[in-house]
Amino acid sequence: MQSLIEKAEVLVEALPYMRRFFGKTVVIKYGGHAMTEDKLRASFAVDVVLLKFIGLKPVIVHGGGPQIASTLARVGKESTFVEGLRVTDDETMDVVEMVLGGKVNREIVESIQRGGGRAVGLTGSDGALLRVRRKTVNGQDIGRVGELVQVDSRVIDSVSESGFVPVVAPIGVDDDGLTYNVNADEAAGGLAAALGAEKLMLLTDVEGVLDADGQLLSQITSKDAQKYVAEGVITAGMIPKVGCCMRALGEGVGRAHIVDGRVLHALLLEIFTDDAGVGTLFVP
Ligand SMILES: Nc1ncnc2c1ncn2[C@@H]1O[C@H](COP(=O)(O)OP(=O)(O)OP(=O)(O)O)[C@@H](O)[C@H]1O
Ligand SMILES: [Mg+2]
């Protein structure tokens with residue numbers, strides 16, 4: 001009996017958070033590195049389903065860097081990177097679309113459905129959700145890499161309102177209908193801003209933003225983030241992450257966090273607790 005009462009108490013403790021987030025949109029970037037283990041994938045899916053059933057509107061945007069890399073390696077195609085961005089020729093773009101839209105996206109949809117929810121997979125070209133233009137780096141053409149110019153979130157609204165969890169692959173489309181590879185963090189940040197999300201959560205494969213000594217920063221300001229990038233403390237895949245969190249806050253998103261996706265039930269821990277114990281919170 002006592003253990004049943006304790007279970008009831010756990011639910012009651014969650015009530016203030018349920019009230020606070022009821023009806024609110026939470027955009028979750030599911031990193032390619034955080035989705036490699038079966039047990040974690042299942043725990044992620046169950047968390048998403050739970051959030052949906054208690055009345056939040058979770059929107060998933062996924063990455064897939066490692067999955068793209070392994071498929072490219074299998075077909076014997078090598079990639080070059082310019083400032084962390086994959087130079088994407090037409091052949092590489094075919095692989096990107098197949099892997100992100102055809103494989104990774106489907107796996108996430110199916111895992112959410114195995115967890116008891118209903119999900120709908122989309123790419124940013126569905127409903128012209130993610131409008132992009134060709135990105136250049138210091139004037140250099142890097143192929144089919146897109147820079148977000150506009151988000152038309154109506155397709156997300158209609159999927160969410162109908163009781164489904166939207167799962168978005170970061171592929172954008174330009175004015176001529178040509179598709180582009182988009183950084184998933186950038187896509188998630190843009191979507192969060194367009195949807196007026198309460199929260200943006202980027203799940204990844206580290207504890208959060210680490211300082212020069214490798215210590216977790218539980219909070220970080222815009223100013224410090226810029227300083228760490230300039231000093232080379234924040235590098236590689238962490239650069240677009242901090243950039244998109246800062247931009248999202250500037251565009252009206254309530255809170256932005258980087259969360260350790262290797263922790264079981266990372267999403268629930270973040271939403272149902274007050275302390276920023278599971279990652280880095282960005283403060284304007
Ligand atoms: N200061 C820092 N603190 C934490 N991680 C950092 C820092 N600087 C660089 N990184 C790197 O950023 C990586 C996270 O970004 P990465 O792009 O690799 O993963 P992801 O975005 O979760 O996955 P994907 O790009 O496939 O969606 C970490 O694994 C780490 O190696
Ligand atoms: Mg990344």
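View 1. Phe-272 counts as buried, because its relative accessibility is 18% and the limit for a buried residue is under 20%. The model shown here and in the other views is a predicted one. Tyr-17 is also buried, with a relative accessibility of 12%. The structure holds two aromatic pairs. Tyr-17 belongs to helix H1 (residues 2-21), while Phe-272 is in the loop between helix H9 (266-271) and S14, so the pair ties together parts that lie 255 residues apart in sequence.

**View 2. The aromatic pair of Tyr-30 and Phe-44.** The ring centres of Tyr-30 and Phe-44 are 3.7 Å apart and the planes make 5 degrees, so this pair is stacked. Tyr-30 lies in strand S1 and Phe-44 in helix H2 (residues 38-53), 14 residues apart. Both Tyr-30 and Phe-44 are buried.

**View 3. The open sheet of eight strands.** The strand order is S5-S8-S2-S1-S11-S13-S14-S12, and the pairing is mixed. Strand S5 (119-123) and strand S12 (219-221) form the edges, each pairing on one side only. On average, neighbouring strands of this sheet are turned by 20 degrees against each other, direction ignored. Helix H8 (residues 238-250) packs on the sheet and touches S1, strand S11 (199-204), S12, strand S13 (255-260) and strand S14 (279-283). The direction of H8 makes about 170 degrees with that of S11.

**View 4. Strands S1 and S2 side by side.** Six bridges join strand S1 (residues 25-30) to strand S2 (residues 57-62), and the two pair in the parallel sense. Within this pairing, Val-27 stands opposite Val-59 in S2.

**View 5. Thr-123 in strand S5.** Thr-123 is found in strand S5. The residue is buried, with a relative accessible area of 17%. Apart from neighbours within four places in sequence, Thr-123 is in contact with Gly-101, Leu-129, Ala-169 and Ile-171.

**View 6. The hairpin of S6 and S7.** Strand S6 (residues 130-137) pairs with strand S7 (residues 140-151) in the antiparallel sense over seven bridges. Arg-133 stands opposite Glu-147 in S7. Two residues lie between the strands of this hairpin, where Asn-138 takes a positive phi near 50 degrees.

**View 7. Lys-227 and Tyr-228.** The charged end of Lys-227 sits over the ring of Tyr-228, at 5.2 Å from the ring centre.

Technical notes:
Residues are numbered from 1 along each chain as its sequence is written. Chains are lettered from A and ligands numbered from 1 in the order in which they are written. This is a predicted model: local features need pLDDT of at least 70, side-chain atom pairs count only at pLDDT 80 or more; totals for chains, interfaces and linings use all residues. Side-chain values use heavy atoms; hydrogens and water are left out. Two strands pair if DSSP finds at least two bridges between them. Helices (H or I, at least four residues) and strands (E, at least two) are DSSP runs, numbered from the N terminus. Axes are lines fitted to C-alpha atoms, for helices over the stretch in contact, and angles run from 0 to 180 degrees between N-to-C directions. Contact means heavy atoms within 4.5 Å. Buried means under 20% relative accessible area, exposed over 50%, partly exposed in between (1.4 Å probe, protein chains only). Rings of Phe, Tyr and Trp (its six-membered ring) pair if their centres lie within 6.5 Å; planes under 30 degrees apart count as stacked, over 60 as edge-to-face and the rest as tilted. A charge sits over a ring if NZ of Lys or CZ of Arg is within 6 Å of the ring centre and within 35 degrees of the ring normal.
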